[in-house]
Amino acid sequence: MIIRNLCGPIFSIASKLQSKSVDSIDGDIPASHRPAYHKVDTTQTQFTWRAVIVGLLFGTILCFSNLWFGLQSGWISMMSLQSSLVGFAVFKALEHILDIPFSPAENVVLQSTAVATATMPLAGGFVGILPAFKLLEPEEIGQTRTELNYGQLCAWGLALTFFGVFFAIPLRKQTIIREKLKFPSGTATAQMISVLHNRPDPTMEQENEPRGHSSAMVTSTGSHNSLTRRREDIGTTDRGLDNTIARHSSRQSEASSSSDNSGNVDEIERRLLAINDVQWFTKLVSLFAAFCLSGTYALLAHFFPVVSALPIFGNRLSKVWAWNLTPSLSYAGQGIIMGLPTCIWMLVGSIVGWGILSPVAKNMGWAPGEVSDWKTGSRGWILWISLAVMIAESVVSLGLVGAKEARNAYVRLHQTISAKRRLNRFGDDDTDNIANYQTSLTGSNESDLDQTKVLSSSHQEMDVDPRFLVPGWVTWTGLAASTLLCMGIVYALFDIPMYDTLIAVLLALPLAVLGVRALGETDLNPVSGIGKVSQVVFAGIMPGNLVGNLVAGGIAEAGAQQAGDLMQDLKTGHLLNASPRAQFVAQMIGSVFSVFITAGAYILYNKVYPIPGPELPAPTAQVWLDMARLVNGHPLPPHVWPFIAVFAGVFIILPILALLIDRGKDTIVLGSLNFRKSTLQRWWPSGIAFAIGIYNTPNFTLMRAVGAICAACVTEVIVARERKQHILIGTDDRMWNQQEPLIRRKVAMMAIIVASGFVLGEGTFSFFILLSQAFSK
């Protein structure tokens, strides 16, 4: 009944959205009587079932791949860029039989559906919480059910699916409309869709808007010539995927005006045009070729398992200390997608954990068992250090975000109260003083408000027409109904009291807010740390109940994950003038569909390989379980506490220093050394990456580092070659400084496409190998 009540309004909304006419949604309102809103391109159909179906199909492939790699190493990817590319290619191939061309708004819906379908293995706890149940000792389980059949797995997934999505809707106005947080992956996807559909770069439209006006009053069909290309410094890019999109709007006029050598103008213009983004067909061919190569490796590794663990450092290091190389193209692709800084810190973590701490623990007799054993070996011993690093960085980062939000809320409240008091002093006709005061408000110190503009009524931030928003009654009714659904299912499956589940959901909501804000600013959603915070709290609410502790952590992680995914998608839609209502419906359809797909895939994987097991170790499951045991009074391994204190202390200090650097000058002076702030930020130590390098065996980390290093080297070679060509044709330094970022972005985009093919190839082929094995038994 609850599920029917949840889904009924959603499908009703979907049927209305299929109409092209904006007036068909909520009635006819004459255009002259409508207030000014952020523009939604009503020339496009905002929601189509063809986009949803293709999104579900591609999302299913991504779901299988994410479940496979998540159970192997804990790695999950949204793949929003790749979804938009593949969706575009599918409809491009079918365009001769389509009555209506495939539009950017449909692409937004397609990738929203695909992402929602792809990320259920993480949001539903299939790669962490559920495998952790199977690691519990009998005395830790008691009479609680931990082995779930297909129907129960589906019910568990449905319990975690909805409330994070509903809760994300109210967050949209504050984070995207008012504060305009960048959400790097969402922005990058919007840029990719704009390139594919030959539209202007939406981020450039924002920057060319007059101050105080909505960024999307320019329609998606606006003129290219009305925009001017923004010059960017490639060194200022963040860790997110926003540094992968080529700026495709370079102008011939810029080329001719920036060169002093008039005899070479034609050649310069030709080279500038060559910088434009690679054609979609080339991208698709690259994706398919990488897919086939990686699939070939998966088949080779299946029939010849020896190639999965090459002892490149010698037999002793391989057999005793677990130092092997797995030459998987999918791991190399993951490294390319993660980026060089992240992979370098993963490699550092692997060297520290498996090259230093593991031998110390074993040789000192603190972990006497086999190195790879979770209970008595050094792998289990160093895991506690990994857990300490993750908790330290996540909690401090969330604390800094929370403090920042509290400060901003206080400033906004103070500004609002001051504004009301002062405006009350003016008469109704004192327009000059009111205007002057409004100007003083909009000119207030932006650093104090953290880029949050406190504007008067004539300068209010503009959202889309309410007819394109999710109705408030749907949001709050859905949030209440989804909470009740979660309470009922969790009670039925694990006999956890409903009020405890209610507390878990209520705790998950503010944690999701912090996660969304961190995601919007850094492209990193600290879902693992959010789950650990919930585990700490529930150690006091349900002491000794390890199953309940894991469930509470899973609820918090699911809320933050689902809310974060939808916020990235909503950022994409906002930049492309798409309907938030259509995206919400797509997210809900993809999430519900994925529950049944992921549950079936999990049953299939577990039928062929034990989970956890040698092939699918599910390392994050052990992290969850160790945290549950720790907060419930279980002792630490011998002599690990001093190491935990040292590493936790280091990664408590690092986020604080990073914040100070972010607020500092562009050039940081340390003695006789000068560092650019952007360079320091790019290479600043990542605690999560460091911890992943520790809890994963070296074979998972090494190939990722190889992939990232190779991609960086190829980029530098191409840039050096282009630089040489620019020198030969007489390009001056000013023009080269403008074009180098474009070249780097073009190369980075192609690297991401190839890397995605690597990841999808092995994941897909591995699924079909498992399928054949399951049916052969």
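View 1. W49, V52, L56, T60, C63, F64, L67, W68 and L71 of helix 3 touch I589, G590, F593, S594, I597, T598, A601, Y602 and Y605 of helix 26, where contact means heavy atoms within 4.5 Å. Sorted by class, this contact has 14 nonpolar residues, four polar and no charged; here Ala, Val, Leu, Ile, Met, Phe, Trp, Tyr, Cys and Pro count as nonpolar, Asp, Glu, Lys and Arg as charged, and the others, Gly among them, as polar. Two packed helices are described by the angle between their axes and the distance between the axes. For helix 3 (residues 49–73) and helix 26 (residues 580–608), the angle is about 35° and the axes lie 10 Å apart. Axes are lines fitted to C-alpha atoms, for helices over the stretch in contact, and angles run from 0 to 180 degrees between N-to-C directions. The crossing of helix 3 with helix 26 is right-handed, a term used when the near helix is turned clockwise from the far one by less than a right angle, with anticlockwise giving left-handed.

A word on the model and its numbering: this is a predicted model, in which local features need pLDDT of at least 70 and side-chain atom pairs count only at pLDDT 80 or more, while totals for chains, interfaces and linings use all residues. Residues are numbered from 1 along each chain as its sequence is written, and side-chain values use heavy atoms, with hydrogens and water left out.

**View 2. The whole protein, for orientation.** The protein has 32 helices and two strands; helices (H or I, at least four residues) and strands (E, at least two) are DSSP runs, numbered from the N terminus. Of its 777 residues, 58% are buried. Buried means under 20% relative accessible area, exposed over 50%, and partly exposed in between (1.4 Å probe, protein chains only). Among contacts with a separation of 6 or more, 81% join residues 24 or more positions apart.

**View 3. Helix 9 also packs on helix 26.** Here Y150, L153, C154, G157, L158 and T161 of helix 9 meet S591, V592, V595, F596, A599, G600, Y602 and I603 of helix 26. This contact comprises ten nonpolar residues, four polar and no charged. Helix 9 (residues 150–161) and helix 26 pack at about 140°, their axes 9 Å apart, and their crossing is right-handed. Look out for Y602, which takes part in the contact with helix 9 and is also listed in the contact with helix 3.

**View 4. R50 and E106 form a salt bridge.** The closest N and O atoms of R50 and E106 are 2.7 Å apart; a salt bridge is a side-chain nitrogen of Lys or Arg within 4 Å of a carboxyl oxygen of Asp or Glu. R50 sits in helix 3 and E106 in helix 5 (residues 104–118), 56 residues apart, and the pair links distant parts of the chain. R50 is partly exposed at 24% relative accessibility, whereas E106 is buried at 2%. Six salt bridges are found in the whole structure.

**View 5. K375 and E137 tie two loops together.** These side chains meet in a salt bridge at 2.8 Å, N to O. K375 lies in the loop between helix 18 (340–363) and helix 19 (378–423), and E137 in the loop between helix 7 (129–135) and helix 8 (138–141), so the pair joins parts that are 238 residues apart in sequence. K375 is exposed at 67% relative accessibility, while E137 is partly exposed at 24%.

View 6. P368 is found in the loop between helix 18 and helix 19 and is exposed, with 60% relative accessibility. Beyond its neighbours within four places in sequence, P368 contacts K362 and T376. The C-alpha atoms of P368 and S378, ten residues apart along the chain, are 7.5 Å from each other.

**View 7. S194 in helix 11.** S194 belongs to helix 11 (residues 184–196) and is buried at 1% relative accessibility. The S194 side chain reaches the backbone oxygen of A190 at 2.9 Å. Leaving aside neighbours within four places in sequence, S194 is in contact with R199, P200, P202 and L576.

**View 8. Helix 30 is mostly covered.** Eight of the nine residues of helix 30 (residues 687–695) are buried, namely G687, A689, F690, A691, I692, G693, I694 and Y695.

Technical notes: Polar contact = N/O pair within 3.5 Å; in protein donor to acceptor, adjacent residues only side chain to side chain.
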